Amino acid sequence: MTVRLNQDALALARRLVRENDVVRDERDDWSEHAPSTDEENAFIEKHGMAEFAKWHLGEDTDETEGTKGRLKFPYGDFRKVHRCAVISGESRAGQYKHESVEKALRELLADIDGTDS
């Protein structure tokens with residue numbers, strides 16, 4: 001698996017954090033806060049796959065372009081960044097050694113928490 005950092009997604013995430021469009025939830029809340037498959041499909045139908053991709057910091061270049069399977073490391077709910085998603089993603093990216101994604105998520109978390117990365 002080759003996962004690269006999605007720069008468009010990172011730009012959107014940084015903008016949302018700057019604008020304080022953030023849910024400051026707890027570490028383990030993502031399983032409850034993550035969009036459902038129906039919500040994902042409705043978003044794609046309304047906004048398209050390119051916009052959906054902007055909500056995922058990783059892109060698996062081994063997967064078919066334009067598919068959900070290509071997108072990794074979601075960080076929000078199509079409206080706001082979720083702190084719990086950033087924490088979860090950073091942990092998973094580190095576990096699988098996706099260093100650029102891990103670094104981006106660590107920096108986002110520092111921005112959300114108001115600390116230096």
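Buried here means under 20% relative accessible area, exposed over 50% and partly exposed in between (1.4 Å probe, protein chains only). This is a predicted model, in which local features need pLDDT of at least 70 and side-chain atom pairs count only at pLDDT 80 or more, while totals for chains, interfaces and linings use all residues. Residues are numbered from 1 along each chain as its sequence is written, and side-chain values use heavy atoms, with hydrogens and water left out.

**View 1. Phe52 and Phe78, a tilted ring pair.** Four aromatic pairs occur in the structure. Their rings (Phe, Tyr and the six-membered ring of Trp) have centres within 6.5 Å; planes under 30 degrees apart count as stacked, over 60 as edge-to-face and the rest as tilted. With ring centres 5.8 Å apart and planes at 40°, Phe52 and Phe78 are tilted. Phe52 sits in helix 4 (residues 49–53) and Phe78 in the loop between strand 4 (71–74) and strand 5 (81–82), 26 residues apart. Helices (H or I, at least four residues) and strands (E, at least two) are DSSP runs, numbered from the N terminus. Both Phe52 and Phe78 are buried.

**View 2. Trp55 and Tyr75, a stacked pair.** Here the centres are 5.2 Å apart, with 25° between the planes. Trp55 and Tyr75 are each buried. Ring pairs join Phe43, Phe52, Trp55, Tyr75 and Phe78 in a cluster.

**View 3. Pro35 and its contacts.** Look for Pro35 in the loop between helix 2 (30–33) and helix 3 (37–47). Pro35 is buried, at 15% relative accessible area. Beyond its neighbours within four places in sequence, Pro35 is in contact (heavy atoms within 4.5 Å) with Trp30, Glu40, Gly76, Asp77 and Phe78. Between Pro35 and Gly76, the C-alpha to C-alpha distance is 8.2 Å, and they are 41 residues apart in sequence.
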